[in-house]
Amino acid sequence: MRIVSLLGTAALAVVLGAGAQAATVKVGVVLPFSGANADLGHQIDKAFDLYVKLHAKDIAPNKVEIIKRDEGPPTGAQAKTIATELITNDKVKILTGFVFSPSAIALAPVVTQAKVPMVIANAGTAWITNLSPYIVRLSFSMWHPAYPMGAYAYNKIGCRTVAMAYTDFPPGKDSTEAFKTGFEKAGGKIVDSIPMGSPVQVPDFTPFLQKVKDEHPDCLYAFIPSGAHAAGIMKAYGELGLRKAGIKLIGPMDLIPDNKLQDMGDAAIGTIVMGHYAVDLDNPQNKEFKAEWHKAYGPDSYPDFMSAAGWDTMHAIFDTIKKLNGNVDDGAKFVDAMKGWSTDGPRGHVMIDPATRDIVENEHALEVYRKPDGKLGERVLETIKGVKDECKVLKVGRCGS
Amino acid sequence: MPHALNDFISVLFDGLAYAMFLFITSVGLSVTMGLMGFVNLAHGAFAMAGGFIVVSLARTYGIDFIPALVIASVTVGLISVRFEQRLYRRFYKSTDLEQVLLTIGLAFMSIAAFTYFYGPIPKSVPLPHWLQGDVNLGFRTFPTYRAFLIVLGAVLIAILWFVFEKTNIGAKIRAAVDNRRMAESVGINVDRLFTLTFAVGSGLAALGGGLAIQLLGLTPSFALLYLVLFLIVVAVGGMGSLKGTLLAALVIGIVDTGGKYLFPVAGTFFIYVITVAVLLVKPAGFFGRE
């Protein structure tokens with residue numbers, strides 16, 4: 001009897017030992033796969049899949065098991081439910097994805113309680129990272145592009161007066177607040193700030209842009225949650241002839257996602273945005289990233305700023321799993337291991353600021369133009385290196401808490 | 001031009017274009033509800049089907065926008081006849097709840113089916129050159145597509161008015177809406193009349209769906225997303241009334257546009273204020289029978 005139980009213990013020890021040597025890390029991916037914003041989810045999902053496919057061997061003998069769930073509409077309710085399920089039922093050790101700020105905001109108390117790291121691949125409202133010590137953000141804060149755009153718009157584009165128009169949810173308010181802070185500091189004047197409805201559906205942008213047209217500012221600063229909204233606002237901008245009326249379109253890179261750019265046509269030409277990525281960025285990592293993307297998804301599919309951040313997000317998760325040798329049960333340790341992580345990715349050099357757990361990255365002023373081959377492209381007008389989230393640097397509002 | 005006048009013209013123009021879309025899409029729903037008391041919540045799905053047919057015709061077969069619109073509305077009109085004869089007809093005597101469950105179920109099924117085939121991402125169509133850009137009317141410019149919507153809407157209203165008020169078939173429809181039993185007893189075949197109006201109404205909805213691609217974008221959630229708006233137009237206008245639907249579409253279209261233009265902070269608040277106010281004073285809508 002005793003021998004049997006000893007044998008049993010030994011067998012158990014062997015099984016456990018083998019388990020410790022090669023862990024399978026469950027990663028919950030929360031991205032919108034339904035509704036009008038589904039293509040945002042797909043842009044990041046494709047980058048995740050591509051990274052996992054090409055780099056699974058990097059973490060051997062450990063493995064990742066990706067469990068995908070639909071983030072749902074940009075209200076956060078569904079995301080909170082399914083992410084809670086991922087934690088309690090599927091026992092995921094890491095949560096990632098999150099296109100929409102409301103999802104990340106709703107989920108912050110859950111990950112704090114569950115001690116599960118939440119690695120954000122998009123959601124950009126600046127103060128999100130302050131909501132939980134388990135949040136790490138690889139994408140951007142709305143302030144990353146919008147704050148430097150303020151000074152750039154005044155000094156380089158020549159905007160003296162600006163009307164702002166934004167989709168009415170947290171990142172929209174954040175983006176316009178950031179732009180306003182930078183722009184007024186530089187000496188510019190904001191003539192109007194127009195909320196354009198909820199992000200759930202793509203509105204008819206005409207009444208909002210007609211109002212801007214009638215106000216005759218030098219420039220229109222627009223924030224929309226990219227994707228279908230971007231295509232919609234560009235259509236209205238073109239139809240109403242705002243550029244002809246002398247109103248330049250500026251904004252964060254959400255306005256001209258690379259995967260929608262070719263369909264935008266002439267209306268988009270001359271648009272100037274601030275952003276961390278464009279398909280045309282000239283660096284060796286991006287060339288490789290683009291080549292692999294086209295190989296996997298065809299020549300007409302383009303990665304965009306969300307895909308680039310998604311790629312770096314999975315890269316950071318993989319590097320951290322490797323660093324911890326698959327021991328990812330302790331969420332706090334995982335977050336600590338991510339602090340200070342840096343790489344040269346498709347966006348150029350990026351780093352996780354150990355103090356804020358937010359990204360430090362380069363921002364580029366990008367202008368849409370027609371390339372010699374007839375396609376639309378984005379050219380870099382200026383690069384600002386090593387941009388931090390100024391909202392937290394300046395301690396504005398909830399970023400200061 | 002004075003600023004206020006310019007604002008006013010902007011609101012009126014965009015509001016009119018929007019109202020025309022609402023009218024074209026909702027009028028069929030109003031007439032079917034007035035005629036048969038049938039609650040067709042799948043009406044938005046017919047509109048959406050029209051939109052996707054236009055997308056397929058234009059994108060896959062390279063057919064121009066206008067012919068594609070015509071083909072789509074005729075096709076949906078014909079298909080809707082099968083739905084009416086095979087499915088809806090069984091439920092005319094059923095309770096409202098059963099009708100609502102049937103048709104909302106159809107709407108959900110259509111969303112799933114169209115998502116399967118077309119994906120959830122908004123679709124667009126290439127417009128012919130003459131519909132792009134803007135037209136100059138001397139004192140200011142207007143987007144051509146919206147001007148086209150207003151003209152098309154006006155033409156359709158004229159045709160519908162003529163058919164309703166001046167033809168035999170219009171008289172029969174009005175008679176059947178007013179008092180169906182009496183109409184039947186004088187020998188009007190209300191069932192056949194209904195099939196006809198249902199087909200025309202669905203065809204017009206499909207036309208509205210096609211026109212909406214450029215206006216609002218088209219996704220499979222269209223079937224339910226804008227249904228509330230169509231139902232509001234029908235309720236505010238009064239079921240079965242052409243005049244009422246037109247007036248309601250104009251009021252809702254212009255008030256919504258004006259609200260967004262002048263007080264964007266209020267969102268869609270004004271639509272609902274108008275709806276509540278009208279229904280408080282006239283529970284059956286502008287021209288509905290109490």
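**Exercise 1. A glutamate in chain A**

Is A:Glu378 buried or exposed, judged by the C-beta atoms within 10 Å?

*Solution.* Start with the count: A:Glu378 has 25 other C-beta atoms within 10 Å. The cut-off for buried is 20 or more. A:Glu378 is therefore buried. The model is a predicted one.

A:Glu378 sits in strand S14 (residues 376-387) of chain A. Now list its contacts, leaving aside neighbours within four places in sequence. They are A:Ile256, A:Ala278, A:Asp280, A:Leu366, A:Glu367 and A:Val368. Finally, take a separation. A:Lys180 lies 198 residues from A:Glu378 in sequence, and the two are 24 Å apart in space, C-alpha to C-alpha.

**Exercise 2. Two packed helices**

How do H3(A) and H4(A) run relative to each other: roughly parallel or roughly antiparallel?

*Solution.* Take the angle first. Helix H3 (residues 77-88) and helix H4 (residues 101-114) of chain A pack at about 25°. Their axes are 8 Å apart. Angles under 35 degrees count as roughly parallel. H3(A) and H4(A) are therefore roughly parallel to each other. The crossing of H3(A) with H4(A) is right-handed.

Then find the residues that meet. H3(A) brings A:Ala77, A:Ala79, A:Lys80, A:Ala83, A:Thr84 and A:Ile87. H4(A) brings A:Ser103, A:Ala106, A:Leu107, A:Val110 and A:Ala114. Sort this contact by class: eight residues are nonpolar, two polar and one charged.

**Exercise 3. A bent helix in chain B**

*Solution.* Helix H8 of chain B covers residues 190-216. Its bend is at B:Gly210 and amounts to about 25°. Check the surroundings next. Of the 27 residues of H8(B), 20 are buried, so this helix is largely enclosed by the rest of the structure. Last, look just past the end of H8(B). There B:Gly217 takes a positive phi of about 85°.

**Exercise 4. Where the chains touch**

Which element supplies the largest share of the side of chain A that touches chain B?

*Solution.* Begin with the totals. Chain A gives 25 residues to the contact and chain B gives 24 residues. Then go to the elements of chain A. The largest share, six residues, comes from H7(A). Finish with the classes. This side of chain A has 11 nonpolar, eight polar and six charged residues.

Terms used. Residues numbered from 1 in each chain as written. Chains lettered and ligands numbered in written order. Predicted model: local features only at pLDDT ≥ 70, side-chain atom pairs only at ≥ 80, totals over all residues. Contact = placed C-beta atoms within 7 Å. Helix = DSSP H or I, 4+ residues; strand = E, 2+ residues; numbered from the N terminus. Nonpolar A, V, L, I, M, F, W, Y, C, P; charged D, E, K, R; others polar. Bend = angle between axes of the 7 residues up to and from the residue. Buried ≥ 20, exposed ≤ 12 C-beta atoms within 10 Å, placed from the backbone. Axes fitted to C-alpha atoms, helices over the stretch in contact; angles between N-to-C directions. Parallel < 35°, antiparallel > 145°, perpendicular 65-115°, else oblique. Left-handed = near helix turned anticlockwise from the far one by under 90°.
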